[in-house]
Amino acid sequence: SEAILAEDGQLRRLDPKDLLPDIKTLMQQKHWPYVMQQYTDGNECVLAGGKKVVRSVEARIACSPDGKINLLVREPDFCQYVFVVYSPALCGVAQFKPSEVDLKTARGGKDE
(Lines give C-alpha, C1' and ligand atoms only; values in the text may rest on other atoms or scores of the structure.)
Protein backbone atom coordinates (compact mmCIF):
# COMPACT_ATOMS: atom_id res chain seq x y z
CA SER A 1 0.00 0.00 0.00
CA GLU A 2 3.05 2.30 0.28
CA ALA A 3 2.96 2.60 -3.50
CA ILE A 4 -0.56 4.01 -3.33
CA LEU A 5 -0.99 5.68 0.08
CA ALA A 6 0.84 8.72 1.43
CA GLU A 7 2.05 8.91 5.03
CA ASP A 8 -1.34 10.28 6.14
CA GLY A 9 -3.14 7.21 4.73
CA GLN A 10 -4.68 9.14 1.84
CA LEU A 11 -4.10 8.39 -1.84
CA ARG A 12 -0.91 9.97 -3.10
CA ARG A 13 -1.58 13.04 -5.29
CA LEU A 14 0.66 14.55 -7.93
CA ASP A 15 2.63 17.66 -7.00
CA PRO A 16 1.97 20.84 -9.01
CA LYS A 17 5.42 20.32 -10.60
CA ASP A 18 4.18 16.98 -11.98
CA LEU A 19 1.35 18.48 -14.04
CA LEU A 20 1.68 18.70 -17.81
CA PRO A 21 2.81 22.24 -18.74
CA ASP A 22 0.51 22.62 -21.77
CA ILE A 23 -2.64 21.97 -19.73
CA LYS A 24 -1.46 22.76 -16.21
CA THR A 25 -4.23 25.29 -15.52
CA LEU A 26 -6.90 22.75 -16.45
CA MET A 27 -5.18 20.01 -14.43
CA GLN A 28 -4.99 22.21 -11.31
CA GLN A 29 -8.77 21.97 -11.04
CA LYS A 30 -8.48 18.33 -9.98
CA HIS A 31 -6.53 16.06 -7.64
CA TRP A 32 -4.49 13.46 -9.53
CA PRO A 33 -3.92 10.25 -7.54
CA TYR A 34 -1.03 8.05 -8.63
CA VAL A 35 0.77 4.75 -8.11
CA MET A 36 4.43 5.07 -7.15
CA GLN A 37 7.37 2.79 -7.86
CA GLN A 38 10.86 3.58 -6.57
CA TYR A 39 14.09 2.45 -8.16
CA THR A 40 17.19 2.86 -6.00
CA ASP A 41 20.80 1.69 -5.99
CA GLY A 42 21.54 3.12 -9.43
CA ASN A 43 24.94 4.17 -10.74
CA GLU A 44 27.05 6.43 -8.60
CA CYS A 45 27.01 10.15 -9.40
CA VAL A 46 29.96 12.35 -8.48
CA LEU A 47 28.90 15.92 -7.74
CA ALA A 48 30.97 19.07 -7.53
CA GLY A 49 33.38 18.84 -4.63
CA GLY A 50 33.63 15.07 -5.03
CA LYS A 51 30.44 14.23 -3.12
CA LYS A 52 29.05 10.89 -4.28
CA VAL A 53 25.37 10.02 -4.45
CA VAL A 54 23.52 7.06 -5.93
CA ARG A 55 21.08 7.69 -8.76
CA SER A 56 17.43 7.00 -7.99
CA VAL A 57 14.15 7.25 -9.85
CA GLU A 58 10.62 7.59 -8.58
CA ALA A 59 8.02 6.61 -11.17
CA ARG A 60 4.55 8.08 -10.69
CA ILE A 61 1.80 6.58 -12.82
CA ALA A 62 -1.43 8.58 -13.10
CA CYS A 63 -4.58 8.73 -15.20
CA SER A 64 -4.05 10.61 -18.46
CA PRO A 65 -5.91 13.95 -18.69
CA ASP A 66 -6.17 13.76 -22.48
CA GLY A 67 -6.52 10.05 -23.23
CA LYS A 68 -2.92 9.83 -24.50
CA ILE A 69 0.23 8.39 -22.99
CA ASN A 70 2.34 11.31 -21.72
CA LEU A 71 5.67 11.43 -19.94
CA LEU A 72 7.07 14.21 -17.78
CA VAL A 73 10.60 13.95 -16.36
CA ARG A 74 12.17 16.21 -13.77
CA GLU A 75 15.26 16.22 -11.57
CA PRO A 76 14.28 17.61 -8.14
CA ASP A 77 17.81 17.06 -6.84
CA PHE A 78 21.13 16.05 -8.35
CA CYS A 79 20.93 12.48 -9.68
CA GLN A 80 17.39 12.01 -8.32
CA TYR A 81 14.69 11.81 -10.95
CA VAL A 82 10.89 11.76 -11.04
CA PHE A 83 9.22 10.23 -14.09
CA VAL A 84 5.48 10.90 -14.33
CA VAL A 85 3.72 8.55 -16.73
CA TYR A 86 0.18 9.50 -17.67
CA SER A 87 -1.68 6.42 -18.88
CA PRO A 88 -5.29 6.20 -20.09
CA ALA A 89 -5.39 2.63 -18.71
CA LEU A 90 -5.24 3.89 -15.11
CA CYS A 91 -8.36 6.02 -15.71
CA GLY A 92 -10.36 2.79 -15.75
CA VAL A 93 -9.53 2.14 -12.07
CA ALA A 94 -12.03 4.04 -9.92
CA GLN A 95 -9.62 5.10 -7.15
CA PHE A 96 -7.23 6.66 -9.70
CA LYS A 97 -9.75 8.83 -11.52
CA PRO A 98 -8.99 12.50 -10.82
CA SER A 99 -11.30 14.22 -8.34
CA GLU A 100 -12.47 17.81 -8.30
CA VAL A 101 -10.60 20.21 -6.04
CA ASP A 102 -12.81 21.64 -3.30
CA LEU A 103 -12.21 25.35 -3.97
CA LYS A 104 -13.48 26.35 -0.52
CA THR A 105 -10.94 24.04 1.16
CA ALA A 106 -8.20 25.12 -1.28
CA ARG A 107 -8.75 28.76 -0.22
CA GLY A 108 -8.47 27.88 3.46
CA GLY A 109 -12.23 27.53 4.03
CA LYS A 110 -13.04 31.08 2.99
CA ASP A 111 -15.75 32.00 0.53
CA GLU A 112 -15.07 34.85 -1.85
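A: A disulfide is a pair of cysteine sulfur atoms within 2.5 Å. This is a predicted model, in which local features need pLDDT of at least 70 and side-chain atom pairs count only at pLDDT 80 or more, while totals for chains, interfaces and linings use all residues. Residues are numbered from 1 along each chain as its sequence is written, and side-chain values use heavy atoms, with hydrogens and water left out.

The structure holds two disulfides. One joins cysteine 45 to cysteine 79, with an S to S distance of 1.9 Å. This link is left-handed, with -85° about the S-S bond. Because cysteine 45 belongs to strand β3 (residues 44-46) and cysteine 79 to the loop between β6 (70-77) and β7, the pair ties together parts 34 residues apart in sequence. Strands are DSSP runs (E, at least two residues), numbered from the N terminus. Cysteine 45 is buried, at 7% relative accessible area, and cysteine 79 is buried at 5%; buried means under 20% relative accessible area (1.4 Å probe, protein chains only).

The other disulfide joins cysteine 63 to cysteine 91, with S to S 1.9 Å. With 100° about the S-S bond, this link is right-handed. Cysteine 63 lies in strand β5 (residues 56-63) and cysteine 91 in the loop between β7 and β8 (99-100), so parts 28 residues apart in sequence are tied together. Cysteine 63 is buried, with a relative accessible area of 4%. When the bonded cysteines of the protein are numbered in sequence order, the pairing is 1-3, 2-4.

How values were computed. Helices (H or I, at least four residues) and strands (E, at least two) are DSSP runs, numbered from the N terminus. Buried means under 20% relative accessible area, exposed over 50%, partly exposed in between (1.4 Å probe, protein chains only).
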